Amino acid sequence: MLALFGSEFVLILAAALIGFALGWRVRAASHAIVQRNMERDVEDLRRRLGEAAVRRAGGT
């Protein structure tokens, strides 16, 4: 009886660990996507700011 509870505990513990690992992987992947999008947006804003500064300096 004790062995049954012990093996069930180990099974639940393994399932929890696998679930945690999968969740962590999904979170890391989504964070990488968000980070890339933010970097792209910052570069776009820097480019637009540079273009605006050139237009302003040129008088047009």
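Of the 60 residues of the protein, 0% count as buried, where buried means under 20% relative accessible area, exposed over 50% and partly exposed in between, with a 1.4 Å probe and protein chains only. This is a predicted model, in which local features need pLDDT of at least 70 and side-chain atom pairs count only at pLDDT 80 or more, while totals for chains, interfaces and linings use all residues. Residues are numbered from 1 along each chain as its sequence is written, and side-chain values use heavy atoms, with hydrogens and water left out.

The protein has one helix and zero strands, both taken as DSSP runs (H or I of at least four residues for helices, E of at least two for strands) and numbered from the N terminus. Its radius of gyration is 26 Å, well over the 10 Å that the globule rule gives for 60 residues, so the protein is more spread out than a compact globule; the radius is taken over C-alpha atoms, and the rule is 2.2 Å times the number of residues to the power 0.38. Along the principal axes, the C-alpha atoms fill a box of roughly 85 × 10 × 5 Å.

Met1 lies in the segment before α1 (2-58) and, at 72% relative accessibility, counts as exposed.

Turning to the aromatic side chains, Phe20 and Trp24 form a tilted pair, with 6.0 Å centre to centre and 35 degrees between the planes; ring centres must lie within 6.5 Å, using the six-membered ring of Trp, and planes under 30 degrees apart count as stacked, over 60 as edge-to-face and the rest as tilted. Because Phe20 and Trp24 are four residues apart in helix α1, about one helical turn separates them, and both are exposed.
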